[in-house]
Amino acid sequence: MNFDAVIIGGGLAGLTCGIALQQQGKRCAIINNGQAAIDFSSGSLDLLSRLPNGENVVSFDRSFSALSEQLPQHPYSLFGKQKVLDKAQQFSDLAEKLGLNFIGSSVQNHLRVSPLGGLRGTWLSPSSIPTVLMSGEAFAYRKIAVLGIEGYHDFQPQLLAENLKHNMQFAHCEVKTGFLHIPELDLLRSLSREFRSVHIAQALEQKVDFDALVSEIEQTADDAEAVFLPACFGLDSQDFFNQLQQKTKPTLFELPTLPPSLLGNRQHQALRKHFEQLGGTMMNGDRALRAEFDEDTAKVRCIFTQIHEDEPLCAEHFILASGSFFSNGLVCEFDKVYEPVFQADIVQTTDFNPTDRFSWTDRRFASPQPYHKAGVIINAQCQVQKCGAFLTNLYAVGAVIGGYNPLELGCSSGVAVVTALSAAEHILQRN
Ligand SMILES: Cc1cc2nc3c(=O)[nH]c(=O)nc-3n(C[C@H](O)[C@H](O)[C@H](O)COP(=O)(O)OP(=O)(O)OC[C@H]3O[C@@H](n4cnc5c(N)ncnc54)[C@H](O)[C@@H]3O)c2cc1C
């Protein structure tokens with residue numbers, strides 16, 4: 001089988017790269033083996049929330065030079081400020097075209113309310129999530145009702161309400177809690193392991209009495225001006241939630257629940273659908289196993305997968321978008337961390353050595369953990385290093401790239417889309 005580009009991994013990075021290539025007429029295949037990190041995420045995309053020295057980032061523009069001084073090996077530092085901002089804008093434009101209903105911009109981060117009632121700096125958030133500006137203005141509503149669903153444990157209204165009031169933007173608010181009784185969920189509730197956001201959303205979309213649901217929300221919310229709900233209303237898109245909003249008096253907001261998260265899942269579905277509409281080939285349920293290389297040209301010749309073990313997948317370009325440990329894009333054994341498909345070189349930093357397990361963790365559980373910096377080495381074109389040299393037709397995008405700690409810096413989704421669009425641009429310029 002022959003393609004212009006074969007992408008390994010169909011998460012945020014792989015799909016964004018695939019869309020950019022398909023849009024320009026490249027024939028792409030995405031080999032994908034299972035769920036992606038975006039299915040578990042909050043639905044808000046972080047560009048850069050903190051610097052390595054712990055300082056909070058308000059504006060990417062203003063903080064970029066500090067980032068590149070403190071962490072020259074960060075992918076953003078390799079690309080330069082303008083390229084990161086251009087690619088971030090390109091992704092925002094794509095998201096708008098797909099109707100992803102994001103608010104926020106790369107000019108300034110905003111704060112989203114977390115499921116535990118804290119505030120987290122971020123770049124783009126679904127418009128249905130409660131957010132406030134970083135400048136400290138008070139939340140626009142005074143009376144808030146945080147409503148859970150009876151028997152649903154992946155969202156805790158009391159905890160959220162109690163913590164919310166400690167943020168100065170919510171100090172003026174009267175926050176009360178309650179639980180919605182939705183009879184259509186009674187059967188599901190009795191199967192407690194099935195009582196998760198995805199199943200609730202499915203059940204509600206299929207058989208809820210819509211008007212009864214509206215009146216249950218209004219009655220439980222009482223005189224509240226704003227209602228915070230768990231994100232269980234709308235499986236594949238925000239449409240069901242928007243319809244509910246149109247019929248309900250108080251302003252509705254939704255919050256991510258414990259994973260799986262519908263907010264991230266909706267974005268995943270939209271990207272995947274768009275890639276396929278553009279003619280891209282999704283090879284779901286398959287797993288890239290190994291590659292063959294052409295030593296003379298420093299190129300990947302082909303790869304083999306679980307389903308196509310004897311039939312090589314050949315392409316001009318290969319894109320490694322297989323994620324980090326969470327998605328098995330990186331694998332950890334007792335004495336080494338490695339990338340399993342291409343055996344690409346793994347980054348080594350001052351505090352992380354892929355072959356010295358004593359360097360992988362910090363003794364303090366809450367400290368940034370050095371193993372989060374694990375990942376493959378790339379250059380400014382996203383080409384991947386193997387045995388000390390860069391392969392000319394293998395690119396890495398997203399969480400499989402190493403050299404920075406995405407949790408500490410709050411930059412994982414930004415890195416995913418910026419590297420994906422940069423790699424696609426480089427591939428398109430080469431042809
Ligand atoms: C629990 C969780 C919560 C998060 N929350 C947030 C958040 O709130 N905000 C934010 O900005 N970021 C968040 N992130 C990070 C962010 O979602 C990810 O960094 C980003 O989506 C990474 O995308 P990716 O495409 O690089 O990798 P992934 O999403 O990990 O996708 C990689 C895909 O490749 C597939 N794959 C791996 N190996 C192979 C193989 N050999 N063959 C075929 N397929 C393969 C995997 O199955 C997976 O589907 C979160 C991450 C996690 C894990």
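**Cores, a helix and cysteines**

Me: Which residues touch the most other members of the largest nonpolar core?
Reply: L48, Y76, F91, V300, I303, I319 and F342 do, in a core of 88 residues. A nonpolar core is a set of buried Ala, Val, Leu, Ile, Met, Phe, Trp, Tyr and Cys residues joined through side-chain atoms within 4.5 Å. Buried means under 20% relative accessible area (1.4 Å probe, protein chains only). The model is predicted: local features need pLDDT of at least 70, side-chain atom pairs count only at pLDDT 80 or more, and totals for chains, interfaces and linings use all residues. Residues are numbered from 1 along each chain as its sequence is written, and side-chain values use heavy atoms, leaving out hydrogens and water.

Me: Which helix gives this core its largest share?
Reply: Helix α12 (residues 412-430), with nine residues. Helices are DSSP runs (H or I, at least four residues), numbered from the N terminus.

Me: What about a second core?
Reply: It is separate, has 43 residues, and includes L160, L164, L180 and F240.

Me: New topic. Which residues of α10 are buried?
Reply: L262, L263, G264, N265, R266, Q267, H268, A270, L271, H274 and F275. Helix α10 covers residues 262-277, and G279, which follows α10, has a positive phi near 100 degrees.

Me: How many disulfides are there?
Reply: Zero in the whole structure; a disulfide is a pair of cysteine sulfur atoms within 2.5 Å.

Technical notes:
Helix = DSSP H or I, 4+ residues; strand = E, 2+ residues; numbered from the N terminus. Expected span 1.5 Å × (residues − 1). Buried < 20%, exposed > 50% of the residue type's maximum accessible area, 1.4 Å probe, protein only.
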